[in-house]
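Please read it alongside the sequence and the coordinates.

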Amino acid sequence: MSYDSQIEEFQHVQTAHCENGVTTALLRHNGLDFMTEPLAFGMGSGLFYIQIPFLTVNNGPAISFRTMPGAIFKRTCKSLGVDVKSKRFGSPEAAEEFLNKKVNEHVPVGCQVGVFHLTYFPKEYRFHFNAHNIIVYGKEEGRYLLSDPTMEDVTSLSVEELNKVRFAKGTFAPKGHIYYPENVGTVSDEMIRKGIVKGIRRNVRDMLHIPGSFAGVDGIRYTSNNIRKWRDKLGLKKAGLFLGQIVRMQEEIGTGGGGFRFLYGAFLEEAAAYLQDDRLIGISEEFTKSGDMWRAGAIQMAGIYKGRLTEQKSFDEIADRLLEIRSVEKEAFQKLSKLNLGK
């Protein structure tokens, strides 16, 4: 089967994670209606883990459960032979002018924005995080029409509101970043299969073989070792805040630690159907197990953050759980590495 590019009226797609959703919606809009969120996430090798030493975000450890912002969209498009247009700007005026041009051409575009000033977000979800992704698909009565994949329905922002979030300051400052697919041609099942295999192999590399001790599965052990020391090193209150930061990065930034593992399991199930390889289904269950363990760990971390748990024993139990998670994910990726996929 092949999928021919055909531009249609834009349709909002709600997903668990923003960049997956933007990728899915933009490719579907351009005629690739086979695209799903798990498929975008897996072909884009989105699963990752890293704790960046000596860097803090919102006064807590800099931790990410996914790959670098923008990589999922670029990698997925490249696997399908889709060209990508991506631009950043030196001023809000230049960014607004280019956006208006695409709106007038009826071209939906992805935009990287800061969360803190997103007026349609509930206040409790607004904090300084600049790697959120939305789609601008039109303009009506002076307001930009938006599709935020993490929201149930479409929304809108004024010109001033959109400019503010497109030029948010701080880590990962968007600088008006805009991106969209170009020249979407015919995509065959063979191209999809090759993209799946490439995505899996790249994710195996990133989780098992990335250099250093603070990324991939070894990064989970690095965080575990830190957690054991935080109570004595930082004091109970600050240690609790640091654990609260992990919970926020895990459960509130997109789908976080547990959700991303569930999503990767769903990807492997879809991959099993495309590749006609049931071995992937068994491995997908291991990522579901990992997701459950991350979620259970978050509950215990929240207990310390809220002051219900205060003993060193609780910190050690969380650290031990992370080592178990590392073992599960390492074994799962090792199994993936040994499969002769696509042959």
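Predicted model: local features only at pLDDT ≥ 70, side-chain atom pairs only at ≥ 80, totals over all residues.

**Contact of α3 with α6**

- The crossing in which α3 passes α6 is right-handed.
- From α3, the residues that meet α6 are Arg75, Lys78 and Ser79.
- On the α6 side, the partners are Met191, Gly195, Lys198, Arg202 and Asp206.
- Sorted by class, this contact holds five charged residues, two polar residues and one nonpolar residue.

**Contact of α1 with α3**

- The crossing of α1 and α3 is right-handed.
- Helix α1 contributes Glu19, Asn20, Thr23, Leu26 and Leu27 to the contact, while α3 contributes Ala71, Ile72, Phe73, Thr76 and Cys77.
- The contact of α1 with α3 comprises six nonpolar residues, three polar residues and one charged residue.

**Contact of α10 with α11**

- Helix α10 (residues 279-305) and helix α11 (residues 312-338) pack at an angle of about 165°, and 10 Å separates their axes.
- That angle makes α10 roughly antiparallel to α11, because angles over 145 degrees count as such.
- The crossing of α10 and α11 is left-handed.
- In the contact of α10 with α11, 16 residues are nonpolar, eight are charged and four are polar.

**Largest cavity**

- How many cavities of 30 Å³ or more are there? The count comes to one.
- The largest cavity holds about 40 Å³ of space.
- Its lining consists of Glu19, Gly70, Phe73, Lys74, Val84, Ser86, His177 and Tyr179.
- By class, the cavity lining has three nonpolar, three polar and two charged residues.
- Two of the lining residues, Glu19 and Phe73, also take part in the contact of α1 with α3.

**Largest pocket**

- The volume of the largest pocket is about 520 Å³.
- Which residues are the closest to the centre of the largest pocket? They are Ile63, Ser64, Phe129, Phe172 and Met249, out of 27 lining residues.
- The elements that give two or more residues to this lining are β2 (47-57), β3 (60-66) and α9 (256-275).
- The lining of the largest pocket is made up of 16 nonpolar, nine polar and two charged residues.

Conventions:
Residues numbered from 1 in each chain as written. Heavy atoms only, no water. Left-handed = near helix turned anticlockwise from the far one by under 90°. Helix = DSSP H or I, 4+ residues; strand = E, 2+ residues; numbered from the N terminus. Contact = heavy atoms within 4.5 Å. Nonpolar A, V, L, I, M, F, W, Y, C, P; charged D, E, K, R; others polar. 1 Å grid on protein atoms, 1.4 Å probe; cavity = no way out; pocket = protein on both sides within 12 Å on 5 of 7 lines; lining within 4 Å. Points joined across faces, edges and corners; volume = space filled by probe spheres on them. Axes fitted to C-alpha atoms, helices over the stretch in contact; angles between N-to-C directions. Parallel < 35°, antiparallel > 145°, perpendicular 65-115°, else oblique.
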